[in-house]
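Q: Please take a close look at a single part of this model. A plain account with cut-offs is enough.
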Amino acid sequence: MLWPASGLAGGGGKQLERIRERMEQGLALFVAGKAGDAVKEFESGYAEYPYSAFLFNAGVCYEKLGKGPEALAKYRQYLQVDPNAPDKQDVERRIARLEAEGAPVAGAPPPPPPPTEDIDQQSMRSLVVIETEPAGAPVRVFRPKSESAPAYSRTLPNPDWEEIVTTTAPTSLSLSVGLYHIVIDKFKDFNGSDTQLHVSPGHVHQFKANLSQGVFMAFLRVSSNVRGAHLWLDTNDTHKPEWGTAPYGELVPVGDHSIVVQAPGFEPTSSKVTLESGEHRELQTTLVRVGYGFIRVDAGDAPRATVTLDGKLQGEWSQGGPALEVRASAGSHRLLVESDGRKDFEGSVQVPKGQILPVHLRMIPKYPRGAAWTQAIISAALLGTGAVLGSQSNEIKKILDDERAQGSLTASDPRITKGRWFAIGADVGFAGGAVLAGFATWNFIKDPLPESSKTEDPAVEFDDPLKRRPVALRPSSPPTQSKPVQMAEDEGTPWQFGAAARSDYLGISVGGQF
Amino acid sequence: MRAQSHVRSVPSLGALGALLLAGCDWNAFNDLEKNAPVVSIDAADSIRVGFGHSLASDARTGHPTVLVGGQPGSSPAAAYDLGTSQEPGGDPTEEGYCSGGRVTPCYLADQPAPVSLINRSQKRDKCFAFAWGRNEGNDNGIVARCHDQTYITLKVPDALRKKYDTAFNRDGEHQALYLASNVADENTLVVGFPEQAAAIFYPGGTEKAHALTLPAEAKAPKSFGAQVAALSLDDTGEDRLLAVAAPDEEVGQVWLFRSKGTDSAVAVGCLGEGHSFGRALGTGDVDNDGVADLVVADERLVTAFSGAKLAELPEAHEAVCSLAALPEKTILASFGCGSAEAASGCKNSQFGAALAVADLDGDGDGEIAVGAPGMDIYSVKGAGAVLVYDVEGDQPQKLSDVLFSSNPQTDDKLGVSVATIAQNGRDVVAAGAPGRSQVDVFFCNEFVPKKLRTGRCAP
């Protein structure tokens, strides 16, 4: 189908990406044996982006599901919206077959089963977008008549190739899998050009011809293990506007290019590529995290707290203020958080590489020791009094002993009574002091409150000064694997990503040279 | 952190435990009180003034009773049983000494004396002659009272009695009266009337008074009878030497009289030496010769005279009082006041205010206990002390021990009176302290040998 491609060409890069995602997601579901889900994906894709390739692919899915009438309806709708489809004959043949299957004649032999290849992955249609600069150039698309057809020649007649589409750029086509050749004829004062195209099933192919240069541009797509990593093309000055964020692909002039890939929390990398005309280059970069990280400390309901890491004071956190971020080398560190009137927290913290570890502290108030101190003071006073009285008593006793030894001690000597009361007072003081000291000790030791503790949130990426937040992708299985791979996003929400739909790595498959 | 708190608390708990274990034992003070070497006898309720002014004890073994007199003329006396187990009774056993109505009038003597009264229907025990008065008949006399509350009034020659009563009636004041007796089952009682310058005696076993008459040439000295004493010269006490002092003369005199059986006494001599000689007399066997010796105090010195030597004196016919004519070795020792670490102030000590001979170490000879009521104890003025001299040794003049209270108060005047009480083979000293109305009994002193150091005298 030809579809006005101005919407796609004129700033429709993002829209094209979404179409691609739809198409590839549907294909991935189909390949995974989920034809029903694939139908929904294609139908909703068509509802959002009315390209006929979605209709055809939905028909193929219905056939896979054994739902002939639904498939028949989709094929009919396909021809209805794109009566000049280059594969019109193939679609009509499918319609005839399905109609025959749906209305068998009495006594007639049953219709042959549809060829398996008609409803497999290879039967899926792809969307091909062709643009020119400037727009309005005539476009022709050729297809070989057989597999043994010779290569398309620019100068000689090509009897083994048939012209299937004649239109003007920009345009979008729904093409089946196979080899094609796209020809841009001379237009006004611009030169013509051509390129060969291998259409893959269920993909979106984009072509753009810069007719003023007379050549097709090269297509460079840069992907990274960090989704959203910032890309700069042909400059090392990262203060300039970025070229894009990974994965990102674009037609670029041929020649040497330098690509700087940078993401917060990762060591920046720089690559050089040399592109030829019409070349499609996939550049995969791997960023390595920096060797340091941050802990982001908040002390909960404590009014303020001081943070010490490995014995070195790092700063003070105040309630209502921002969280205190402390930079440290990656690895284990000793964290000490102190707050007046609250129990200290001391423990280890594992600082991640190139990430921020949010640490939330629960600073438990210290158990009140007022009673213990009161008891301790009274105990000390009693013990002190006991010691004084005891000393006095002992002194008196010593004197009286001496006087007894010399025979002068009188039974009625009032010092005997005095010393006795001092001794009793001392013992009372000691006993009372000891009891209170015991209580005080117990009350000093007793602590029914839990210790201060910390909880850690999953590590988050560094804040991005460019207001985006690249997310590192986990290493995953090869793209052909159908099993969905769970990937981490910056907010921690996993999302499903079909292997066949790994546009991050696959991108647009073809560029061309005319 | 909690574990660290536990660890920190361990040393403090240990120190606390050690402190508690080192607590004071108040029972130690109970032991001190129970076994204090000095026991103070408090005044009986009836004795309001001058308790301890005089002491009289029966020196015979088994007679641990002591009569404590108050201020003569104003207070009565009371008897205390000191027992034999070093646990003197705190309360008087008898208070009827001039405090009851059975003797009227009753004037307490300055110095009472133990006396045996056996010429009545039966022998009575623990009797003291203690006052002037009467309990029977119409005439005053020397009143004696026994433990069984028997009262006897010993008759005094009429002339003397009238003179004494006349003086009472004339002056309205106390007339001095001194009593003394020797140590014997039937002891002889000597009575001095210093204000009448007269003295009488009652030979042992009799109630008949005999006057002690000076030689014809002698004029009765002033204050004759201010101190009296009786010495047994044999085991029965029937041969005795009586001493009557007249210390107020310029040169104090101590007249000696010899008496045997129930006979009258004859003067055998007069001792005279220095001022106030005879201000106090004491008797006891100082030299362990089995004969009681005489101890005399003057203003500065205390001199011990051998009773045996004094017994050699012939009847005197002259009124010469000196020490020159005494037989050789009559003077056993003579010593003055000595001070010690705790006791000082000999000058005003009234050294010799009272005398007693006590066998403190139980070796048979007696040590001389000298009252010094003006002595300072630990700088406490006039607390008083009893100074003990062992005249038997090489240094008879050396102060051997000082007995005093561990709780001295100013003007206790301990030592105004001194007596000895026999206790389990040795004597203990009792001394009056009228300044605080107490009598202190000293159960322990330097002389007590180890074998006798038990109870309050335990080492």
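In which loop of chain B does G366(B) lie?

A: This is a predicted model, in which local features need pLDDT of at least 70, side-chain atom pairs count only at pLDDT 80 or more, and totals for chains, interfaces and linings use all residues. Residues are numbered from 1 along each chain as its sequence is written, while chains are lettered from A and ligands numbered from 1 in the order in which they are written.

The loop that holds G366(B) runs between β23 (354-358) and β24 (367-372) of chain B; strands here are DSSP runs of E, at least two residues long, numbered from the N terminus. G366(B) is buried, as 29 other C-beta atoms lie within 10 Å (buried means 20 or more other C-beta atoms within 10 Å of the residue's own, exposed 12 or fewer, partly exposed in between, with C-beta atoms placed from the backbone). Leaving aside neighbours within four places in sequence, G366(B) has contacts with G284(B), D285(B) and V286(B), and also with V357(B), A358(B) and D359(B); a contact requires C-beta atoms, placed from the backbone, within 7 Å. R426(B) is 60 residues from G366(B) along the chain, and their C-alpha atoms are 9.8 Å apart.

Elsewhere, chain B meets chain A in a contact with 31 residues from chain B and 30 residues from chain A. On the chain B side, α1 (2-21), α2 (27-34), β1 (38-42) and β30 (438-442) each supply at least two residues; helices are DSSP runs of H or I, at least four residues long. The largest share of that side, nine residues, comes from α1(B).

Notes
Contact = placed C-beta atoms within 7 Å.
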